[in-house]
Amino acid sequence: MSKDKYYIIDFDSTFTQVEALDELGLISLQNHPDKEGILEQVKHITDSAMSGNSSFAEGLAKRLELLQAHQNHLPQLISRLKEKVSDSIRRNKDFLKEYADQIYIVSSGFKEFITPIVTEYGIKEENIYANTFTQDEQGNLTNFDKENLLSMDKGKIKLLEQLALPGDVYVIGDGYTDYEIKEAGLANRFYAFTENVVRDSVVAKAEHIAPSLDEFLYQNKLPMAISYPKNRISVLLLENVHPQAVELFRKEGYQVETASGALSEKELCEKIKDVSILGIRSKTQVTRKVLEQANRLMTIGAFCIGTNQIDLDACLEAGITVFNAPYSNTRSVVELALGEIIMLSRGVIGKSNKLHQGEWDKSAAGSFEVRDKKLGIVGYGNIGAQLSVLAEAMGMEVYYYDVVEKLQLGNARKCSTLQELLEKVDIVTLHVDGRPDNKHMFGAEEFAAMQKGTIFLNLSRGHVVDLDALVASMKSGKLRGAAVDVFPEEPATNSEPFESELRGLPNVILTPHIGGSTSEAQVNIANFVPNRIMDYINTGNTYGSVNFPNLQLPELKNAHRLIHIHANVPGVLANINQVLAKNHVNILGQYLKTNEHVGYVITDIDKIYDKQVVQDMRQVPHTIKFRMLY
Ligand SMILES: NC(=O)C1=CN([C@@H]2O[C@H](COP(=O)(O)OP(=O)(O)OC[C@H]3O[C@@H](n4cnc5c(N)ncnc54)[C@H](O)[C@@H]3O)[C@@H](O)[C@H]2O)C=CC1
Ligand SMILES: O=C(O)CCC(=O)C(=O)O
């Protein structure tokens with residue numbers, strides 16, 4: 001305990017998320033015809049003073065004049081501000097109460113609204129230093145007490161001189177006047193508080209940045225409400241993940257970095273070192289080599305369906321969970337496949353290209369309806385099954401083949417072998433997953449088994465099809481048309497060229513892996529994946545993880561949660577429970593699930609516990625990762 005330290009906390013934009021005088025203006029000027037204009041002026045004066053660009057005292061007088069506030073506005077202001085207490089201040093009420101003797105609010109705002117708010121958090125009334133309003137006979141808040149040091153330029157410095165606190169002084173605030181306390185030698189440290197507003201001129205001067213009160217408490221080894229400051233969780237999002245995901249992670253308090261393309265193995269090995277959460281789409285290869293460099297990686301989000309680009313076993317061995325979005329772009333792929341089936345059946349691409357060149361080729365030759373045609377779906381998973389339903393609705397006869405038993409939807413007919421399907425149908429479409437065993441599952445033999453004039457689609461993964469065999473089948477006329485969305489080699493960014501033997505072939509639709517690239521799908525994915533990841537980080541829930549044992553956990557209530565990931569060998573659970581017993585820890589709930597490689601044990605324990613247990617849990621043989629939530 002550091003009882004000889006004093007913590008000076010600013011009010012506006014630090015204790016609360018907003019500037020109180022701006023909020024007061026929203027109330028006092030609500031019926032004023034030039035409300036927006038005046039509020040803009042008030043805000044400008046506040047920002048200028050807070051960034052150290054103008055006289056504080058002059059600005060305060062000017063703002064009060066503009067606000068035309070009345071004492072009757074104060075109750076409404078107070079209730080608004082109570083709603084806007086900063087998140088990290090709100091959750092760390094216990095710290096504020098426990099350290100109340102050492103915590104001071106020093107603000108150039110006004111006691112009339114500060115006191116009722118901060119005292120609810122245990123701040124002592126005698127430790128609140130702020131201005132006070134003066135009012136005229138009608139109750140208008142016309143001015144302020146000019147004798148108060150905090151109404152003057154360099155007021156905070158003057159006040160701190162007068163207080164002469166007998167110990168180390170730490171200042172937490174967002175404004176330049178807070179920094180000036182340290183500059184004047186009256187504080188040992190200044191922490192620029194950036195949870196609500198980032199003032200560049202202040203951040204540039206600050207030796208310490210506190211994106212939240214949690215970070216301040218963490219750095220100073222003070223008691224915190226959460227186990228780890230969220231701003232220390234760094235997220236790297238590659239391949240143009242939708243901005244909605246960036247926003248969700250930032251809102252959670254994480255540090256987010258984005259890149260528009262995929263990274264090479266070498267680049268990722270370098271970048272991954274400090275990353276806690278990695279977000280990718282289908283291109284970035286997360287190899288064992290990359291994972292060996294990932295010192296802090298907790299989880300990977302595949303912002304897509306396929307996860308063949310990630311070494312899932314290596315992730316398991318390293319205790320890294322992987323989540324994907326199994327249904328978010330399903331419909332988009334199905335719609336593209338259907339559109340392509342029609343385009344290819346009608347030879348639209350060739351005719352459109354000719355017309356662009358001025359050639360009018362109106363004819364019905366080689367052009368067919370899809371109604372009554374036989375569609376063969378290879379891989380009857382989520383995409384295959386949904387395609388089956390929509391294709392039947394268009395009057396197609398659906399056949400499917402899957403390596404596992406699948407419920408047949410509508411009138412779809414199951415084929416026992418791939419060969420059987422290929423011999424029967426007019427159109428073959430691949431919707432298998434990209435597991436390594438599927439490499440070249442479709443080659444010369446499979447094309448040979450098809451009827452002459454078949455249409456072929458691949459919207460699954462590039463390596464599934466032997467491209468040479470596909471090109472040969474197109475050139476020989478075995479295939480009448482093809483649509484290919486996925487390729488064995490795909491450019492990492494839009495600025496790289498695309499090379500393929502498929503280029504230039506007639507009645508071949510080539511699309512740059514856009515089966516799932518619709519606005520709807522990208523927004524769905526950008527909501528789904530971050531929420532799964534944040535749930536895992538905040539509660540340990542692994543429900544929906546593609547590599548971890550799936551545990552759906554109850555909410556953490558009045559307990560601490562120990563999260564232990566270990567190699568699945570006999571005796572680990574017994575060892576964990578021995579450690580808990582040795583440390584007299586009371587278990588409130590325990591959940592275990594294992595898979596072939598790892599065991600995942602969650603233990604909820606009493607909030608009062610011996611801290612040694614954390615060290616001991618890490619030492620349990622075969623531990624891969626351990627963390628504690630509270
Ligand atoms: N082009 C694009 O933009 C997109 C491509 N995809 C790809 O589509 C794939 C399928 O997606 P979902 O239907 O959601 O996956 P899913 O996992 O629900 O279905 C895949 C099905 O293929 C079956 N399968 C695997 N190997 C097979 C084989 N050799 N022969 C027959 N059946 C086999 C599986 O048993 C499973 O039923 C994804 O794994 C992904 O690679 C997914 C979304 C977008
Ligand atoms: O949109 C993407 O980047 C990848 C889509 C895809 O292939 C998938 O969801 O598996």
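How do the axes of helix α2 and helix α3 cross, and within what distance do they come? Hi everyone, let me start there. The axes of α2 (residues 20-28) and α3 (residues 35-50) come within 10 Å and cross at roughly 170°. Axes here are lines fitted to C-alpha atoms, for helices over the stretch in contact, and angles run from 0 to 180 degrees between N-to-C directions. That crossing makes α2 roughly antiparallel to α3, the word for angles over 145 degrees.

A quick word on ground rules. This is a predicted model, where local features need pLDDT of at least 70 and side-chain atom pairs count only at pLDDT 80 or more, while totals for chains, interfaces and linings use all residues. Residues are numbered from 1 along each chain as its sequence is written, and chains are lettered from A and ligands numbered from 1 in the order in which they are written. Helices (H or I, at least four residues) and strands (E, at least two) are DSSP runs, numbered from the N terminus.

Back to our helix pair. On the α2 side, Leu21, Asp22, Gly25 and Leu26 meet Ile38, Leu39, Val42, Lys43 and Thr46 of α3; contact means C-beta atoms, placed from the backbone, within 7 Å. By class, that contact has five nonpolar, two polar and two charged residues. Ala, Val, Leu, Ile, Met, Phe, Trp, Tyr, Cys and Pro count as nonpolar, Asp, Glu, Lys and Arg as charged, and the others, Gly among them, as polar.

Now the sheets. Six strands make an open, parallel sheet, ordered β3-β2-β1-β6-β7-β8; strands pair if DSSP finds at least two bridges between them. At its edges are β3 (128-131) and β8 (208-210), each pairing on one side only. Direction ignored, neighbouring strands are turned by 20° against each other on average. Within this sheet, β1 (residues 5-9) and β6 (residues 168-173) are joined in the parallel sense by five bridges, and isoleucine 9 stands opposite isoleucine 172 in β6.

The other sheet is antiparallel and open, with four strands in the order β22-β23-β21-β24. Here β22 (587-594) and β24 (623-629) are the edges, and the twist averages 10° from one strand to the next. Between β21 (residues 560-567) and β23 (residues 598-605) there are eight bridges, and arginine 561 has aspartate 604 in β23 as its bridge partner.

Two helices lie across these strands. Helix α24 (residues 572-582) lies across β21, β22 and β23, at about 25° to β23. Helix α25 (residues 612-619) lies across β21 and β24, running at about 160° to β24.

An unreviewed UniProt entry lists residues 561-630 as "domain: ACT"; UniProt positions follow the numbering used here, feature names are shortened, and annotations may be inferred rather than shown by experiment. Over that range the chain is 27% helix and 43% strand, with the end C-alpha atoms 6 Å apart.

Finally, the ligands. Which residues are closest to ligand 1? They are Gly306, Gly379, Gly381, Ile383 and Gly515, out of 30 that surround ligand 1; a residue is near a molecule if its C-beta atom, placed from the backbone, lies within 6 Å of it.

Around ligand 2 we find Arg281, Ser282, Cys304, Ile305, Gly306, Asn329, Gly516 and Ser517. By class, those are two nonpolar, five polar and one charged.

Technical notes. Angles under 35 degrees count as roughly parallel, over 145 as roughly antiparallel, 65 to 115 as roughly perpendicular and the rest as oblique.
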